[in-house]
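I opened my notebook on this one today and jotted down what I looked up, in the order I went.

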Amino acid sequence: MYLSISNKMEENPDVYADLIVKYVSALIELSEYMEEFRISKEEMNNKILLLDTTICRNLPNGPRSYTYKYAYFKGTNNSYIRMTNKEYTGRKNTWEKALSTFLHCRELEVIIETIEKNMEKHIHTPAGQPSIVQIKQLITEQIQYMKNLYNKHKTTSKVEASPYIHNCLHEDGTKLISRAELLIYECIKKCGLQAIYEYLLVNEKTKTSMRPDFYGYRYAKPFIIEFFGMMGNADYKEKAIKKLHTYKTCGFELGENLIAFCAEKNADINMKTIHTVLKNFCVYGSLPKKIIYIDQAG
């Protein structure tokens, strides 16, 4: 079973799937921003305004007006009070960061609202798929599952950690071992999925502990994504097959809740294949029943 490998992934244009991926990604990103950068209403209401201020000066050749921008904050009775340089310097970074986050969150909210309206009125939902309202509720629950995982991961990330050097750095700060894993991780995020790299997974039933390449939740169900980068090596391939059998004894199986990508030399990477697989998983919950080569053109 595990030796059956698919070399080609076919993809037809799917507007519904593309919109759902954008919708889910926006929901997740909005939650992450609001969690990381808590913006108090007081901070947002007590705005800093950069206003043009005209100052007149009497010069030897007559009066002259100069216009400068000065920082003000809103006082009582809709009045504006000019800030001193010290006051402005002390609040500038905090305010600008809060404003930037607020604007980005608003952009995400507009995306979410626009997709919701169009999905309800103009886009056909395939049979068997949840409604847009149900998807939002499912993603809300998924986000909570992932929060719990992240909190637990913080306390176990150094327990039995991988001995390999993590030289590939993602923009979110995640350190990965290989370039291929870095690209897969980026595609996971791009396709509206949430996963943790090298999460310590302990199976109480089999007393087995392992660190999957990527472990996360799609809605309320856990999943694993593995990458085997040297399948051209016979010994490595044998170990990979054994690892898949171990996952099966722990309840993770290809086609059910496990995706396995592979490459023979960990060199060329077909991102279209990865994107197609992960998008279909995010939207429809469908997973390949075979190991998927990603170093060959689709």
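I began with a strand pair in this predicted model. Strand S11 (residues 221-228) runs parallel to S12, and I find five bridges between the two.

Next I asked myself: how many residues of S12 are buried? Five of the five are, across residues 258-262, so the strand is mostly covered by the cut-off of under 20% relative accessible area. I then checked which way they point. Leu-258, Ala-260 and Cys-262 go one way, Ile-259 and Phe-261 go the other way, and all are buried.

Then I turned to a helix pair. Helix H3 (residues 85-121) and helix H4 (residues 132-156) have axes that come within 10 Å and cross at roughly 140°. That makes H3 oblique to H4, because only angles over 145 degrees count as roughly antiparallel.

Which residues make the contact? From H3 I noted Ile-112, Glu-116, Met-119 and Glu-120, and from H4 Ile-132, Val-133 and Lys-136. Sorting the residues of this contact gave me four nonpolar, three charged and no polar.

I count seven helices and 13 strands. Of the 298 residues, 39% are buried. Among contacts between residues at least 6 apart in sequence, 64% join residues at least 24 apart. The accessible surface comes to about 18,000 Å², with 52% of that belonging to carbon and sulfur atoms.

Conventions:
Residues numbered from 1 in each chain as written. Predicted model: local features only at pLDDT ≥ 70, side-chain atom pairs only at ≥ 80, totals over all residues. Heavy atoms only, no water. Helix = DSSP H or I, 4+ residues; strand = E, 2+ residues; numbered from the N terminus. Buried < 20%, exposed > 50% of the residue type's maximum accessible area, 1.4 Å probe, protein only. Contact = heavy atoms within 4.5 Å. Areas by Shrake-Rupley, 256 points an atom, 1.4 Å probe, with all protein chains shown as cover. Axes fitted to C-alpha atoms, helices over the stretch in contact; angles between N-to-C directions. Parallel < 35°, antiparallel > 145°, perpendicular 65-115°, else oblique. Nonpolar A, V, L, I, M, F, W, Y, C, P; charged D, E, K, R; others polar. Pairing = 2+ DSSP bridges.
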